[in-house]
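This briefing covers one chain, topic by topic. Please look over the sequence and the model before reading on.

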Amino acid sequence: MELLSALSLGELALSFSRVPLFPVFDLSYFIVSILYLKYEPGAVELSRHHPMASWLCAMLHCFGSYILADLLLGEPVIDYFSNNSSILLASAVWYLIFFCPLDLFYKCVCFLPVKLIFVAMKEVVRVRKIAVGIHHAHHHYHHGWFVMIATGWVKGSGVTLMSNLEQLFRGVWKPETNEILHMSFPTKASLYGAILFTLQQTRWLPVSKASLIFIFTMFMVSCKVFLTATHSHSSPFDVLEAYICPVLFGSASGGDHHHNNHGGSQGGSGPGSPHSPLPTKSKEELSEGSRKKKTKKAD
């Protein structure tokens with residue numbers, strides 16, 4: 001007997017899981033993905049001076065998850081680009097967002113109530129991609145739990161995981177913005193969702209796939225819409241992680257303290273830096289020449 005049978009979600013979840021994604025939901029996914037591209041510094045200038053590079057960046061934002069998943073499973077990386085309908089639809093969205101006269105299309109889709117609808121529909125696509133990716137990986141590796149989790153993860157957040165490659169197309173190199181180092185909410189949620197769907201696929205989670213898709217989609221939609229409406233960059237997992245991570249991985253307070261001290265020793269030219277040698281030395285009665293030498297060394 002399934003865990004959620006008492007909630008009578010079976011028929012609703014099954015109908016929801018059969019809703020086709022193309023073209024309406026895919027269109028919303030493309031719109032939100034390319035909107036995020038336009039928000040990047042220098043993206044508009046790139047589209048004017050190097051439209052081909054801008055188009056490639058837009059395609060990575062729309063299809064990066066498929067490319068990365070095919071790379072992991074050893075399939076042709078360019079295989080998804082044989083889907084002419086999706087490529088043409090994404091290209092049309094890219095052109096309208098960047099080149100529509102008077103930015104009319106951009107202004108319409110950026111109107112917050114409209115944007116929230118698109119954001120919600122994008123999360124529907126994200127969850128479906130995670131489920132499909134794990135089902136696909138299960139056919140290749142029946143007992144490869146980590147392969148299934150990795151495939152589902154990149155299916156849900158492949159665009160952000162490939163952000164450094166996308167930056168290279170824009171002529172930008174910022175390794176400190178690596179998504180692995182600073183995971184956003186969609187990346188974390190995709191990882192946790194991939195674990196849940198892997199447990200369901202391997203029969204360790206007593207829930208039907210349709211019910212899990214429905215429940216996880218509602219969670220993703222509600223969280224992402226709330227974060228977008230409030231312009232928040234926080235994560236609903238922050239509170240839980242604040243309690244669990246110190247227990248599992250130890251406290252990071254010692255490392256942060258060392259980092260702060262190190263930062264203070266490098267840039268501590270103010271009077272409030274206790275570890276800065278220059279302010280301490282300046283209190284002593286030094287000659288004018290000695291002060292100049294100390295200042296040059298500190299610089």
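Where does P23 lie? P23 is in the loop between helix 1 (10-17) and helix 2, helices being DSSP runs of H or I of at least four residues, and strands runs of E of at least two, numbered from the N terminus. This is a predicted model, in which local features need pLDDT of at least 70 and side-chain atom pairs count only at pLDDT 80 or more, while totals for chains, interfaces and linings use all residues. Residues are numbered from 1 along each chain as its sequence is written, and side-chain values use heavy atoms, with hydrogens and water left out.

**Backbone**

- Most residues other than glycine have a negative phi, and most peptide bonds are trans.
- The peptide bond from F22 to P23 is cis, with omega near 5°.
- D103 is not a glycine, yet has a positive phi of about 55°; D103 lies in the loop between helix 5 (84-99) and helix 6 (104-110).

**Annotated spans**

- In the unreviewed UniProt entry, the annotation "transmembrane region" covers residues 20-39, 51-73 and 93-118; such annotations may be inferred rather than shown by experiment.
- Residues 20-39 are 80% helix and 0% strand, with end C-alpha atoms 29 Å apart.
- Residues 51-73 are 96% helix and 0% strand, and their end C-alpha atoms lie 31 Å apart.

**Helix 10 and helix 11**

- The axes of helix 10 (residues 185-201) and helix 11 (residues 209-229) come within 11 Å and cross at roughly 170° (axes are lines fitted to C-alpha atoms over the stretch in contact, and angles run from 0 to 180 degrees between N-to-C directions).
- Helix 10 is therefore roughly antiparallel to helix 11, a term for angles over 145 degrees.
- The contact (heavy atoms within 4.5 Å) involves residues including F185, P186, L196 and F197 of helix 10 and L212, F216, F219 and M220 of helix 11.
- The contact residues divide into 12 nonpolar, three polar and two charged (Ala, Val, Leu, Ile, Met, Phe, Trp, Tyr, Cys and Pro count as nonpolar, Asp, Glu, Lys and Arg as charged, and the others, Gly among them, as polar).

**Largest pocket**

- A pocket is an open set of points on a 1 Å grid over the protein atoms alone, with protein on both sides within 12 Å along at least five of seven lines; a cavity is a set where a 1.4 Å probe fits but cannot get out, and lining residues have an atom within 4 Å of a point.
- The largest pocket has a volume of about 1200 Å³, volume being the space filled by probe spheres set on the points, which are joined across faces, edges and corners.
- Its lining has 44 residues, of which Y36, E40, T160, S184 and H233 lie nearest the centre.
- Helix 8 gives the most to this lining, with six residues.
- The lining divides into 12 nonpolar, 19 polar and 13 charged residues.

**Cavity**

- The structure holds one cavity of 30 Å³ or more, and the largest cavity has a volume of about 50 Å³.
- D26, Y29, F30, C62, Y66, Y80, V125 and K129 line the largest cavity.
- Helix 2 gives the most to the lining of the largest cavity, with three residues.
- This lining divides into six nonpolar, no polar and two charged residues.

Key. Angles under 35 degrees count as roughly parallel, over 145 as roughly antiparallel, 65 to 115 as roughly perpendicular and the rest as oblique.
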